[in-house]
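Here are a few notes to read alongside the model. Have the sequence open as you go through them.

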Amino acid sequence: MDLGIQGRRAIVCAASKGLGRSCAESLVREGVDVVICARSKGPLEETAKSLRALGGGAVSAVACDVTTEEGRGLILSVCPDPDILINNAGGPPPGDFRDWEREDWIKAIDANMLSPILLIKRTIDSMIERQFGRVINITSGAVKSPIDILGLSNGSRAGLTGFVAGLSRTTVKHNVTINNLLPGPFDTDRLRENLKVLAAKHGISVEEMTKKRASGNPAGRFGTAYEFGEMCAFVCSAQAGFMTGQNFLIDGGAFRSTL
Ligand code: NAP
């Protein structure tokens, strides 16, 4: 299926590894020119090199922190008028809300709510002018089914979800859609780090914990970043203009509901 986005321009945030990187890969394979960012320059440049080797769209890399005004400014200076914006950043740390101070909340809200909103603010009107735009926010399955120790994530991402639910209904008539992708367990560094912590907490090996968690999913495994990236590319496609304000849960069926 030709997704009809060859030659489009995309910003993919937090994309030197994991889900962001896979989204960039899938878009590059579709012939989209991408600008990727991450904070650590070395791994980012390595990723950019691998993406270029795919032989699709052009690839630029901007080493920056997307949660800062300066970082967002740098990305936009390289790509001021993207057709596609993939919002992503690292997730906030787990913990007990009794230990979190105002600063912890502000950090989480900055990363997982305000950064996406501020990037949307800077890019959406030019998408509307050009009558094409696809915005995707990588959030979390925890938006739909909260995880108690991830209160900072549950709260900040729910704020973003509420905001875009309204905005997305005002832009779709201009062929500008805004949707959220909600990852369940995907086999990335972040998941592997979490499994280490869980294994230590339960006094079992990382291998045992990994097996236990994977077999507990209805699919009997974790998702692959490739599957996530391909879903992202489809939601960015020319064919996906009638889908907006949606929260696509990709979790192997782990969240049990009929509708
Ligand atoms: P990952 O494998 O740890 O990759 C995170 C990427 O984001 C890296 O490239 C990292 O590079 C970059 N990054 C982090 N903070 C950044 C910042 N402030 N500015 C710019 N780049 C930044 O993580 P992932 O598994 O792909 O997760 C992506 C998002 O999905 C996270 O918000 C996570 O909480 C959420 N999520 C993931 C899962 C899962 O199972 N994987 C499930 C639910 C939700 P640098 O460190 O060099 O900046």
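1. Start with K144, which sits in the loop between β5 (133-138) and α5 (151-171). Helices here are DSSP runs of H or I with at least four residues, strands are runs of E with at least two, and both are numbered from the N terminus. Keep in mind that this is a predicted model, where local features need pLDDT of at least 70, side-chain atom pairs count only at pLDDT 80 or more, and totals for chains, interfaces and linings use all residues. Residues are numbered from 1 along each chain as its sequence is written, and side-chain values use heavy atoms, with hydrogens and water left out.

2. What does K144 touch? Leaving out residues up to four places away in sequence, K144 touches L182, L249 and F255 (contact means heavy atoms within 4.5 Å).

3. Now look at helix α6 (residues 189-202), where L191, L195 and A199 are buried. Seen down the axis of α6, the buried residues fall within an arc of 75°, so they line one face of the helix (the arc is taken from the directions from the helix axis to the C-beta atoms). Those buried residues pack against α7 (206-215).

4. On the other side of α6, V197, A200 and K201 are exposed. Just after α6, G203 takes a positive phi of about 65°.

Technical notes: Buried < 20%, exposed > 50% of the residue type's maximum accessible area, 1.4 Å probe, protein only.
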